Amino acid sequence: MKSLTVFALVSVLGMASLAPAALAQHQTFVVNPDTSEVKMTLKTTHEVVNGTFHVQSGSIEFDRGAGKISGSVVVMAGSGKTGNDSRDKKMNKDVLKVEQYATVSFEPKTYAGTIAASGDSTIQVTGIFTLLNTPHEITIPILVHLDGTAATAKAHFVLPYVGWGLKNPSFLIWKADDDVAIDLTLAGRLSK
């Protein structure tokens, strides 16, 4: 009976020592809007239009051990700046329809790949990108960098905005592509 009690105690202590390691793999990445940004690049017949948008908020929960991910990143649709006020006004009114749809969001659902405990990792994140209140599934390659409690996530991807129902801003001889390139940089802190 004594050996059974010792075995049970050793088993419980062993499981208790593994629990913190398992829990340590579940973390929350809280985005700092002031150090994060979304850049866009739209090719046209006369120029390449570059712009930036303001990240409103973001919180992503992930589990490095189980490959689970959830949360959202929200961008203020009307915050886009391209360096041309009349173009920005047209983009807000005719393309993004910011009076009706104030935000654009991405909600990750799954990821493939491994997130290292520290340093760089590249993962493929699949989730729902909501634009003009219409959800679209998309898979985005994301470079994740973890350094203690500091974290960054960077992505470059192309959105088929016209294919997703947005208006192409072309007029007369000024023609714009139907796709827009996005460069996303999210910076923030990790918590458990």
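Predicted model: local features only at pLDDT ≥ 70, side-chain atom pairs only at ≥ 80, totals over all residues.
In strand β4, the residue that bridges to Thr28 is Glu61. Residues are numbered from 1 along each chain as its sequence is written, and side-chain values use heavy atoms, with hydrogens and water left out.

**The overall layout**

Let's step back to the whole chain. It has two helices and 10 strands; helices (H or I, at least four residues) and strands (E, at least two) are DSSP runs, numbered from the N terminus. Starting from the N terminus, the order reads α-β-β-β-β-β-α-β-β-β-β-β.

Of the 192 residues in the protein chain, 37% are buried. Here, buried means under 20% relative accessible area, exposed means over 50%, and partly exposed is in between (1.4 Å probe, protein chains only). The chain exposes about 11,000 Å², and carbon and sulfur atoms supply 59% of that. Such areas come from the Shrake-Rupley method with a 1.4 Å probe, and for residues only the protein chains shown count as cover.

Contacts (heavy atoms within 4.5 Å) also tell us something about the chain. Among those with a separation of 6 or more, 56% are between residues 24 or more positions apart.

**How the strands pair up**

Two strands pair if DSSP finds at least two bridges between them. Strand β1 (residues 26-31) pairs with strand β4 (residues 55-63) in the antiparallel sense, over five bridges. Strand β1 also runs antiparallel to β10, and four bridges join them. On that side, Phe29 has Leu190 of β10 as its bridge partner.

Further along, strand β6 (residues 103-112) and strand β7 (residues 119-131) are antiparallel, with seven bridges. Pro108 sits opposite Gly127 of β7. The two strands make a hairpin with six residues between them, and Gly113 in the turn has a positive phi of about 115°.

Strand β7 then pairs with strand β8 (residues 134-147), again in the antiparallel sense, through 13 bridges. Phe129 has His136 in β8 as its bridge partner. This hairpin has two residues between its strands, and Leu132 in the turn has a positive phi of about 55°.

**What's tucked inside**

In soluble globular proteins, nonpolar side chains tend to be buried together. A nonpolar core is a set of buried Ala, Val, Leu, Ile, Met, Phe, Trp, Tyr and Cys residues joined through side-chain atoms within 4.5 Å. The largest one here has 46 residues, and those touching the most other members are Phe29, Phe129, Ile138, Ile142, Phe157, Leu159 and Leu186.

What does Ile138 contact, leaving aside its neighbours within four places in sequence? Its contacts are Phe106, Val125, Thr126, Gly127, Phe129, Phe157, Val158, Leu159 and Trp164.

Ser105 is placed in strand β6. Is Ser105 buried or exposed? Ser105 counts as buried because its relative accessibility is 15%. Not counting residues up to four places away in sequence, Ser105 touches Val73, Val74, Ile128, Phe129 and Thr130.

**What's on the outside**

Phe171, Leu172 and Ile173 make a nonpolar surface patch, with about 380 Å² of accessible area together. Patches are made of residues with over 30% relative accessible area and no salt bridge; like charges are joined within 9 Å, and nonpolar side chains (Val, Leu, Ile, Met, Phe, Trp, Tyr) within 5 Å. Leu172 lies in the loop between β9 (150-159) and β10 (180-191). Leu172 is called exposed because its relative accessibility is 74%.

**Charged pairs**

Side chains of opposite charge can pair when their charged atoms come close. A salt bridge is a side-chain nitrogen of Lys or Arg within 4 Å of a carboxyl oxygen of Asp or Glu. The structure has four salt bridges, including these:

| Salt bridge | N to O distance |
|---|---|
| Glu37 and Lys39 | 3.6 Å |
| Asp94 and Lys90 | 3.6 Å |
| Lys109 and Glu107 | 3.4 Å |

Asp94 and Lys90 are both in helix α2 (residues 85-95), four residues apart, which is about one turn of the helix. Asp94 counts as partly exposed, at 25% relative accessibility, and Lys90 is partly exposed too, at 29%. Lys109 is partly exposed at 46% relative accessibility, and Glu107 is partly exposed at 31%.
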